[in-house]
Structures are given as structure tokens and as C-alpha cells.
Amino acid sequence: AETDGDRVSVCVPSAFRHLRVLNISIGEMRAFILLALAMLCVANPSPPHVFVYTFKPLEEGEENTLLCHAKEFNPPNIKLELFEGNKVFNGANQTDLSFESNWKFKLTKFIKITPKKDAEYSCHVVHMGKTSIYKLESF
């Protein structure tokens, strides 16, 4: 690839068994790369592997961090929500969506909590139109 200001020249295979040079803008190149990644995602869908856990062992009344980690999923469109009972935690933090060398994605959502003995903590995950609920093991 060669660059010329805001344009780039790229060699791509053509249908006639030789390379063809395209002169496209940087923006068009980014769009092409995103399209190629999206095609990879659609071609190999995978449900997430989800883990719900706390940073430290659970102790009633002791501040802790509740985490929901989803990994190995594709496509990258996913929603994680943390709950206490049937009430969603507002203000939970979320890592940036990232991917591993196998092009599968990972994401973590977390929030500080003070665990209550009879409370049930869970993570609701929406991926590819399907909602799944994962519960934290109790005390």
C-alpha cells in the first residue's frame, strides 16, 4: 500500500487472476476494513462464555466488586447488565470491547457493592437477540 495525502493505493486480487490497484481514500479504506471484520463476525457466530464473580470472597456488609465477564463471543454486539434481585444496578462500569487472537470478543461489566445475606446477584446478557441470566454463587 502507498499513501498520497489522504488517499491510499492498495493492490487487491481481481477475478482475472492478477492484481488490480485501487486508489481510495483513508476513510474508504477504514470502511472496507470494518466491512471485512463484520463479514468475519457474521460468518462465525459464537455465544458468550459468561462468568459472574466478586473481586474478594463474599462477606456480608463488606464492600466488594461484582463482575460479569463475557468472552469468546461473536458478533461483538452484546449487552451486559448487573442486578441485585430484580433491580438493575445503574452506574456500573464497563471495559472497552476487545478481541483476542482468534477474533472472538470479550467484555467485562463491574460495580462496587456491599453484599446482603439474602440478596441475589446476577448478570443479564443479551447476545444475538437472546437473553441469558447468570447468577453469582451465594454466601
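The questions and answers below walk through the fold of this predicted model and then look at a few of its residues.

This is a predicted model in which local features need pLDDT of at least 70 and side-chain atom pairs count only at pLDDT 80 or more, while totals for chains, interfaces and linings use all residues. Residues are numbered from 1 along each chain as its sequence is written, and side-chain values use heavy atoms, with hydrogens and water left out.

User: Which strands are the edge strands of the open sheet of four strands?

Analyst: Two strands pair if DSSP finds at least two bridges between them. The open sheet has antiparallel pairing and the order 7-6-11-12. Within this order, strand 6 and strand 11 pair over seven bridges. The edge strands each pair on one side only, and they are strand 7 (87-88) and strand 12.

User: Which residue in strand 11 stands opposite Ile78?

Analyst: In general, strands of a sheet pair through backbone hydrogen bonds, either parallel or antiparallel. Strand 6 and strand 11 are paired in the antiparallel sense. The residue opposite Ile78 is His127.

User: Is Leu80 buried or exposed?

Analyst: Let's start with the cut-offs: buried means under 20% relative accessible area, exposed over 50%, and partly exposed in between (1.4 Å probe, protein chains only). Leu80 lies in strand 6 (residues 78-84). Because its relative accessibility is 2%, Leu80 counts as buried.

User: Which residues touch the most other members of the largest nonpolar core?

Analyst: A nonpolar core is a set of buried Ala, Val, Leu, Ile, Met, Phe, Trp, Tyr and Cys residues joined through side-chain atoms within 4.5 Å. The largest one has 18 residues, and those touching the most other members are Leu66, Cys68 and Leu80. At least two residues of this core come from each of strand 4 (49-54), strand 5 (64-73), strand 6, strand 10 (105-113) and strand 11 (121-127).

User: What separates the C-alpha atoms of Leu80 and Val126?

Analyst: Contact means heavy atoms within 4.5 Å. Leaving aside neighbours within four places in sequence, Leu80 is in contact with residues including Cys68, Leu107, Cys123 and Val125. Val126 is 46 residues from Leu80 along the chain, and their C-alpha atoms are separated by 6.7 Å.

User: Where is the cis peptide bond that has an omega of about 5 degrees?

Analyst: Look at the loop between strand 5 and strand 6, where Pro75 is found. The cis peptide bond joins Asn74 and Pro75.

User: What is the phi of Glu72?

Analyst: Glu72 has its place in strand 5. With a relative accessible area of 22%, Glu72 is partly exposed. Its phi is positive, in a residue other than glycine, and is near 65 degrees.

User: Is Met128 buried or exposed?

Analyst: Met128 lies in the loop between strand 11 and strand 12 (130-135). Although Met128 is not a glycine, it has a positive phi of about 55 degrees. Because its relative accessibility is 53%, Met128 counts as exposed.

User: How much of the chain do buried residues make up?

Analyst: The chain has 139 residues, and the buried share of them is 30%.
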